Amino acid sequence: MKPEPTLAGRIGAATPPGRDRAVDGLRALAILGVVLGHWLVTALVADSGSVRVTSPLKAVPELAPISWVFQTLALFFLVGGMTAAKSYASATGYGPWVRARMVRLTRPVVPVLLVWCVAAGGMLVAGAELETVIALVRLVVSPLWFLLVFAVLTAATPLAVRLHPVWPLAVVALVDLLRYGLAAPDWLGWVNLAAGWLVPYTLGAAWTRGRLSAVGTRGGVGAAGTRGGLRGRSAGWALLVGGGVGAAALVVWGGYPASMVGVPGAAISNLNPPTLAAVAFGLAQCGAALLAHEPLTRALRRPAAWAAVALANLSAMTVFLWHQTAMIAVTALGLAAAGPLPGLHTAPLESGWVVARVAWLPVFAAALLVCVAAFRSAELRRA
């Protein structure tokens, strides 16, 4: 009698042979970066019965390199452009295709909004300060801007697959020139909310069409039709070096902030809306993703590694939507049970706060697993 296959074995057996596992690996890395980044640079400070949101990057700007590691949004849009372009190419019609993708994108949002409507009302009835409730709700709701932009770009996929990435990049550069060089109104910067993330999205679409190949002519994504486009590792190195040098130059000589995420109280945010520095940084990330494709493909042939990535992708939206709630829940329970605790409720006024916060990450992860178990059914349900 043959032994029962392990979970990793069952997942591997259920995976289609032609699936590009590296793309799923990149998506999992992007999710991990966003979650850990938020948990490390978001501080909920308990002060005189109220809670305020701040960041260690405000008091200790030397911690900016943390944002270079964990700000992985460009990878989301790169992978999103790849998968949307591939899916649209095999679709029978635009209407059913975009409807199905919008349902899959928006359906997991409903539970988190319902839970927080009830939670906000309950906190106000219990006597919580309005400022505290607003701060917590904003913390949960603010990441939804990503879904709105992603939905718009997904709907525009038929246009994006025909668009060269240089055009949205030029729009970002022009908007920044007008804002920072010619004193144009700040509202103009919101043009970059679409244009900035359209750059990696169109790169992903180009990769799927074979105009950006991470694997040369040996098969896999972009193996065919690379004439006229950058191929193989040259594409990755061009993006990595060009984007990295460009971002560094803009920070050192262009006056852009070193942090690639927003810092409370800062005059300029690289992310809200995205600046040319953030887009250049994203290009470097895309280059790194191209270069990592082959090594990641080899690594994910291991059953255990692939099982972890596959399971993470099944609940990716749930993780994204509920990770802030998990952190808030741990913070509230900790305050009620033991009072202000280092790294959880204290002000992030020195680098030691980050060390203390790292010790709380496993607790946040455990709370997130509870949220995923409770709410991932909305994501898994078929459209």
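Is Arg19 buried, partly exposed or exposed? With a relative accessible area of 42%, Arg19 is partly exposed (buried means under 20% relative accessible area, exposed over 50%, and partly exposed in between, with a 1.4 Å probe and protein chains only). The structure examined here is a predicted model, in which local features need pLDDT of at least 70 and side-chain atom pairs count only at pLDDT 80 or more, while totals for chains, interfaces and linings use all residues. Residues are numbered from 1 along each chain as its sequence is written, and side-chain values use heavy atoms, with hydrogens and water left out.

Side chains of opposite charge can pair when their charged atoms come close. A search of the whole structure finds two salt bridges (a salt bridge is a side-chain nitrogen of Lys or Arg within 4 Å of a carboxyl oxygen of Asp or Glu). In one of them, Asp24 pairs with Arg19, and the closest N and O atoms are 2.8 Å apart. Asp24 counts as buried because its relative accessibility is 5%. Asp24 also forms a salt bridge with Arg27, where the closest N and O atoms are 3.0 Å apart. Through these shared partners, Arg19, Asp24 and Arg27 are joined into one network. Both Arg27 and Asp24 belong to helix H2 (residues 21-41), three residues apart, or about one turn of the helix (helices are DSSP runs of H or I with at least four residues, and strands are runs of E with at least two, numbered from the N terminus).

Two other charged residues tell another story. Glu379, in helix H19 (residues 377-380), is buried yet has no salt bridge, and the nearest side chain of opposite charge, Arg104, is 7.3 Å away (Lys and Arg count as positive and Asp and Glu as negative, while His and the chain ends are not counted). A polar atom of the Glu379 side chain does lie 3.3 Å from the backbone nitrogen of Ala316. Not counting residues up to four places away in sequence, Glu379 touches several residues, including Arg107, Pro108, Asn313 and Thr318 (contact means heavy atoms within 4.5 Å). Arg357, in helix H17 (residues 352-358), is likewise buried without a salt bridge, and Glu350, the nearest side chain of opposite charge, is 14 Å away. Among the contacts of Arg357, leaving aside neighbours within four places in sequence, are Trp39, Leu40, Met327 and Phe364.

Leu283 lies in helix H14 (residues 276-299) and counts as buried because its relative accessibility is 15%. Beyond neighbours within four places in sequence, Leu283 is in contact with Leu169, Val199, Leu203, Leu239, Leu240 and Gly243. Leu311, in helix H15 (residues 303-314), counts as partly exposed because its relative accessibility is 40%.

The loops hold some backbone details. A cis peptide bond, with omega about 0 degrees, joins Asn272 and Pro273, and Pro273 is placed in the loop between helix H13 (232-252) and H14. Ala183 lies in the loop between helix H11 (166-181) and helix H12 (191-209). Phi of Ala183 is near 55 degrees, a positive value in a residue other than glycine. Ala183 is exposed, with a relative accessible area of 70%.

Methods: A polar contact is a pair of N or O atoms within 3.5 Å; within protein, one must be able to donate a hydrogen and the other to accept it, and residues adjacent in sequence count only if both atoms are side-chain atoms.
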